[in-house]
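Subject: Handover of a structure for your study

Dear colleague,

Please find below the structure that I am passing on to you. I would be grateful if you read the notes that follow with the model open beside them.

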Amino acid sequence: MKKFVSFIATIAAVAALSACSQDDGPVLQKPTEFKLNTPPFAEQLYQLENTGDIQFTCSQPDYGLGTETTYGVEISLTEDFANPKAVTLANSLSATLQFSAADVNLAILDLLGVVDEETWAPYADNRVMPLYVRATAQAAQVEYSKITSNVVKLPKVEIYFAIKLPAYIYLIGSPSGWNSPSPGNAEALKDWRLFESEQAIGSNVYSAVFTMPAQPTFRFYTALTEAGDGWEANYLGCPGGPNADTDVNCELTDGVFEGSLDPNTKDKFFFPDFQGGEMTITVDLNTNTIKVQAGAVEVHPTTYIYICGNMASSDWTEPSAANQEFYDNWRLSCSDGSGVYTATFNLDNCGADALYCRFYQALTGWGAAQWASPTDADYEVTSGVAADSKVGEGCFQLNDAKGKNVSVEVDTNTNKVKFTFVE
């Protein structure tokens with residue numbers, strides 16, 4: 001019996017030691033304190049239009065062990081953060097919280113419900129307002145470790161109108177009553193405008209569906225001016241005529257006409273066989289071309305996103321407007337409105353055996369990409385297998401890519417990215 005009791009005691013002691021050993025190991029703790037520091041110039045006027053980046057600093061939460069911490073910033077127009085808006089950080093892994101003033105401005109406009117010039121009107125003369133800022137921190141992607149900081153108030157923040165609206169041009173001719181393209185006729189001509197697509201602002205591609213009379217004749221104007229009552233500037237006519245303000249016969253073949261535009265003539269497009277009704281017109285001022293289609297046709301202008309990485313050398317080229325010519329060779333396109341962007345790239349000059357890259361929606365400079373690695377770090381992908389993406393600066397890593405042709409697909413509906421080696 002004594003031996004049995006001794007045996008039980010021994011087991012209990014071993015179990016206690018084992019439990020003790022487990023308790024002594026590192027454990028991820030939920031921090032109780034996280035402070036966002038007030039900037040030294042918080043009371044000054046923040047003119048967002050004239051500010052590049054805004055910078056805050058914060059304490060580093062104590063998680064009880066060394067772990068990677070992901071930071072975030074939220075803004076609000078009220079101190080209670082009833083309707084917060086997240087702002088993308090330049091580096092989400094740094095306790096120095098740096099973010100774009102332009103992004104803050106757009107976030108405020110969104111919170112205010114500003115979507116166009118009409119909704120901007122109440123703020124045009126009342127642009128200074130308080131802004132509330134707070135930070136978040138989370139360890140190792142563990143949700144329960146997330147903590148929110150105190151709120152810092154910036155009492156004077158000046159916003160500006162920065163909503164990009166579709167540009168437009170004018171159709172001037174018999175359908176519009178030959179009203180002159182002058183500012184005084186803006187109201188009369190507002191229904192005779194061709195617009196950029198809202199999904200392709202800045203594309204310089206304009207389209208509209210018009211109800212036309214029979215045998216319409218017209219040319220285009222890119223702006224309304226006072227020059228010669230508007231007639232003598234900014235016109236785009238039909239080439240092939242005598243350059244004497246003359247009708248040039250154009251023919252719809254199977255309901256379609258495709259031709260060129262000439263900024264040096266006022267000769268007019270004339271469709272003698274058109275019997276009246278709906279007509280879809282698309283004008284591309286990148287190539288000075290025109291497409292006319294009988295009937296109402298949905299137009300999908302080509303839009304682009306950009307691959308950024310070591311595709312062409314070991315040095316990365318900044319995804320900025322100044323490098324547009326370079327990135328014209330490194331863009332994915334969508335021409336059907338589906339939101340799925342594709343391209344095939346030759347990687348003979350890839351800067352390493354592996355391709356490292358992420359994808360930007362626009363050439364606006366460094367910072368978080370719209371489609372980046374889902375881990376905020378290099379993320380290995382497999383040919384032919386779609387991978388998740390997120391906003392960030394992490395890279396997709398496609399091994400053995402140098403010297404290969406690679407088909408790339410970015411589905412902006414599901415935020416999936418796929419790389420496929422092709423022969």
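In which loop does Asp 229 lie? Asp 229 belongs to the loop that runs between strand E12 (217-221) and strand E13 (235-236). Its phi is near 60°, a positive value in a residue other than glycine. Most residues other than glycine have a negative phi. Asp 229 counts as partly exposed because its relative accessibility, 41%, falls between the limits of 20% and 50%.

Phe 81 also has a positive phi, about 55°, although it is not a glycine. Phe 81 sits in the loop between E3 and E4. With a relative accessible area of 6%, Phe 81 is buried, because the limit for that word is under 20%.

Confidence in the model

Please bear in mind that this is a predicted model. The average pLDDT of the protein is 90, and 93% of the residues score at least 70. Where pLDDT is low, the predicted coordinates should not be read in detail.

Salt bridges

The structure holds twelve salt bridges. In one of them, the side chains of Glu 74 and Arg 134 meet at 2.7 Å, N to O. This pair links distant parts of the chain, as Glu 74 is in strand E3 and Arg 134 is in strand E6, 60 residues apart. Both Glu 74 and Arg 134 are buried.

A salt bridge also joins Arg 127 and Glu 158, whose closest N and O atoms are 3.2 Å apart. Arg 127 is in the loop between helix H3 (117-120) and E6, whereas Glu 158 is in strand E8 (residues 152-158); the two are 31 residues apart. Are Arg 127 and Glu 158 buried or partly exposed? Arg 127 counts as partly exposed at 27% relative accessibility, while Glu 158 counts as buried at 16%.

Lys 390 and Asp 376 form a further salt bridge, with 3.0 Å between the closest N and O atoms. Lys 390 lies in strand E26, and Asp 376 lies in the loop between strand E23 (369-372) and strand E24 (379-380), 14 residues apart. Lys 390 is partly exposed, with a relative accessible area of 27%, and Asp 376 is buried, with 17%.

The volume of the second largest pocket is about 570 Å³. Its lining consists of 25 residues, and those nearest its centre are Thr 70, Tyr 71, Gly 72, Ser 92 and Val 391. Strand E3 (69-76), strand E4 (85-87), strand E6 (128-139) and strand E26 (390-392) are the elements that give two or more residues to this lining. Which element gives the largest share of the lining? That share, five residues, comes from E3. By type, the lining residues are ten nonpolar, ten polar and five charged.

One further loop residue

Ser 197 is located in the loop between strand E10 (193-195) and strand E11 (205-212). Ser 197 is buried, with a relative accessible area of 18%. Leaving aside residues up to four places away in sequence, Ser 197 touches Val 205 and Pro 301.

Yours sincerely,
A colleague

Terms used: Residues numbered from 1 in each chain as written. Predicted model: local features only at pLDDT ≥ 70, side-chain atom pairs only at ≥ 80, totals over all residues. Heavy atoms only, no water. 1 Å grid on protein atoms, 1.4 Å probe; cavity = no way out; pocket = protein on both sides within 12 Å on 5 of 7 lines; lining within 4 Å. Points joined across faces, edges and corners; volume = space filled by probe spheres on them. Helix = DSSP H or I, 4+ residues; strand = E, 2+ residues; numbered from the N terminus. Nonpolar A, V, L, I, M, F, W, Y, C, P; charged D, E, K, R; others polar. Salt bridge = Lys/Arg side-chain N within 4 Å of Asp/Glu carboxyl O. Buried < 20%, exposed > 50% of the residue type's maximum accessible area, 1.4 Å probe, protein only. pLDDT = per-residue confidence, 0-100. Contact = heavy atoms within 4.5 Å.
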